[in-house]
Amino acid sequence: MTHFSVVQIDMHPAPYVAATGSARSAQILARLVAERCPGNVFGVRDTADFKGLRSNGFIRDCARSVEVQTLAAQELMAEADDNPDQLPKWHVYFYDSGAGENRFAVNAYLDHDRRVRAKCEADPTLVGRDVIYGDAPTLETLYLMLDAFAARQEATA
């Protein structure tokens, strides 16, 4: 079984927070712990990082808390049909500059990248979003999604 680690990436070397069995569950833990420990930034590694430097006890306890573990399990169950392999979740954002041939733009960010996603969601040119599961989307995938989104936008206009 492959293990994934949640690490605190705003410190060097990144201290270990928790380990889990799937990339998606590690993402969820990283996001939930970041919500409960503001000012800290967490990431995911695709190895079990049990022997490295450990984050402070409060953060590790937060990741193991009944609340966080229950929320993570509920989220995994809610997306089980769409993501049975528990692959990483990417949020895709579509923007509309309002003019020109290339008026639409697209970006994709990992689910646990809270700071960047908050900026995207606050952008006044944001006109749509989507979710995909798997490895980082290629530029080709993003452009195909953008073309489909732009076609839907024009069809409703």
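Start by selecting Phe94 and Phe149: Phe94 is buried, and Phe149 is buried too (buried means under 20% relative accessible area, exposed over 50% and partly exposed in between, with a 1.4 Å probe and protein chains only). You are looking at a predicted model, in which local features need pLDDT of at least 70 and side-chain atom pairs count only at pLDDT 80 or more, while totals for chains, interfaces and linings use all residues. Residues are numbered from 1 along each chain as its sequence is written, and side-chain values use heavy atoms, leaving out hydrogens and water.

Now show the two rings. The centres of Phe94 and Phe149 are 4.4 Å apart and their planes stand at 5 degrees, so this pair is stacked (rings of Phe, Tyr and Trp, the latter by its six-membered ring, pair if their centres lie within 6.5 Å; planes under 30 degrees apart are stacked, over 60 edge-to-face, the rest tilted). The pair links distant parts of the chain, with Phe94 in strand β4 and Phe149 in helix α5 (residues 139–156), 55 residues apart. Helices (H or I, at least four residues) and strands (E, at least two) are DSSP runs, numbered from the N terminus.

The structure holds three aromatic pairs. For another of them, pick Tyr93 and Tyr109, a tilted pair at 6.5 Å centre to centre with 40 degrees between the planes. Tyr93 sits in strand β4 (residues 89–96) and Tyr109 in strand β5 (residues 104–110), 16 residues apart. Tyr93 is buried at a relative accessible area of 1%, whereas Tyr109 is partly exposed at 24%.

Next stop: helix α2, residues 57–64. Colour its buried residues, Ile59, Arg60, Cys62 and Ala63. They lie on the same side of α2 because they cover an arc of only 155 degrees around the axis (taken from the directions from the helix axis to the C-beta atoms). Turn to the other side of α2 and you find Phe58 and Asp61 exposed. The cover over the buried residues includes β1 (4–8), β2 (16–20), α1 (23–36), β3 (42–45) and α3 (66–78), where contact means heavy atoms within 4.5 Å. At the start of α2, look for a side-chain oxygen of Asn56 within 3.0 Å of the backbone nitrogen of Phe58.

Finally, select Cys62 again, together with Cys37. Cys62 is buried at 10% relative accessibility, and Cys37 is buried at 3% relative accessible area. The closest cysteine sulfur to that of Cys37 is in Cys62, 4.3 Å away and too far for a bond. The structure holds zero disulfides (pairs of cysteine sulfur atoms within 2.5 Å).

Key. Polar contact = N/O pair within 3.5 Å; in protein donor to acceptor, adjacent residues only side chain to side chain.
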